[in-house]
Amino acid sequence: MIRSLDHEIADKRVVEAMKRVPREAFVPPELRAVAYEDRPLGIGFGQTISQPFIVAIMIQALELQGDDKVLEVGTGSGYVAAILAGIARKVVTVECIPQLADSARLALDRLGYDNVETHVAGGVLGWPAEAPYDAIIVSAGAPSVPETIVDQLAWNGRLVIPVGSRWQQELLKVTKLRTGNRVENLGGCYFVPLVGEGAWEE
Ligand code: SAH
C-alpha cells in the first residue's frame, strides 16, 4: 500500500505519516487480513473506512505545516484522525454515530495519540467551539460546500470536501481568502453522505 502511495503522492510527509499508522487497528477484526488493500472497508452502521489513496490526496491538499489545528468531520474508524495526528499540532474530530466515536477513541488511545480530541456531533456541522482551524477535512459527501464549515476556517485556511449527489461527488479544495474563496476541483470520488443541517437529511 505504502509503495504505491509513494509513487503517486508528492508530499512525502503524508506518505511517512501514513506509513506510521497501522490501518489494521482501525478495521473490524474479520477484515484485518485485507486492511492494506487500497479500498474502503465496512466499519458497521453502514459506514466505511476511506480508501487510503483518496485519504492521501485529501491530506496532501490540506498543506499542513506541522503546527496546524485541524478539524475532521466524520471520524468513522479514527484512521484519518491518526494520520493527521502525525503531521498536525492538534486534531479535533467529530462523529455523529456515538458507537463509532467510542471505538475510534479506543483505537486512538490504544496507539497513544494524545493530540486528538474526539467529539460526538452532527446536527450542527463541525465543532465551532474550537474554531478557527488552519485546515478542515470532511470525510463524507455534501450537496454543496456548507457555509457553517467555511465559517470555522481561518483566513488562508484549506478545506477539502467531497461535493455532489449522494452517489457521486467531486473532491473540492476551498481556500478561504479575504478576497473570496478559491475553489479547486481535485477529481471525482465517492463518499458516504454527510448528514446534518446544511447537508443531507438522514
Ligand atoms: N475518515 C473516516 C471515514 C469515515 S466515513 C475513516 O477513516 O474511517 C464518514 C463518517 O462521517 C461516518 O462515520 C458518518 O457517520 C460520519 N458523519 C456523517 N455526517 C456527519 C456529521 N454531520 N458530523 C459528524 N460525522 C458525520
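View 1. The model is predicted: local features need pLDDT of at least 70, side-chain atom pairs count only at pLDDT 80 or more, and totals for chains, interfaces and linings use all residues. Residues are numbered from 1 along each chain as its sequence is written, and side-chain values use heavy atoms, with hydrogens and water left out. A polar backbone atom of G74 lies 3.4 Å from a nitrogen atom of the ligand. For G122, a backbone N or O atom is 3.4 Å from a nitrogen atom of the ligand.

**View 2. The protein covers 99% of the ligand's own accessible area of 580 Å².** Areas follow the Shrake-Rupley method with a 1.4 Å probe. Around the ligand are 25 residues; E72, G74, S77, E95 and V195 come nearest. A residue is near if one of its heavy atoms lies within 4 Å.

**View 3. Strands and a helix contribute to the shell around the ligand.** β2 (47-49), β3 (69-73), α4 (79-85) and β4 (90-95) each give two or more residues. β2 gives the largest share, three residues. Helices (H or I, at least four residues) and strands (E, at least two) are DSSP runs, numbered from the N terminus.

**View 4. K173 lies in strand β8, residues 169-177.** K173 counts as buried because its relative accessibility is 8%; buried means under 20% relative accessible area (1.4 Å probe, protein chains only). A polar atom of the K173 side chain lies 3.3 Å from the backbone oxygen of A61.

How values were computed. Buried < 20%, exposed > 50% of the residue type's maximum accessible area, 1.4 Å probe, protein only. Polar contact = N/O pair within 3.5 Å; in protein donor to acceptor, adjacent residues only side chain to side chain.
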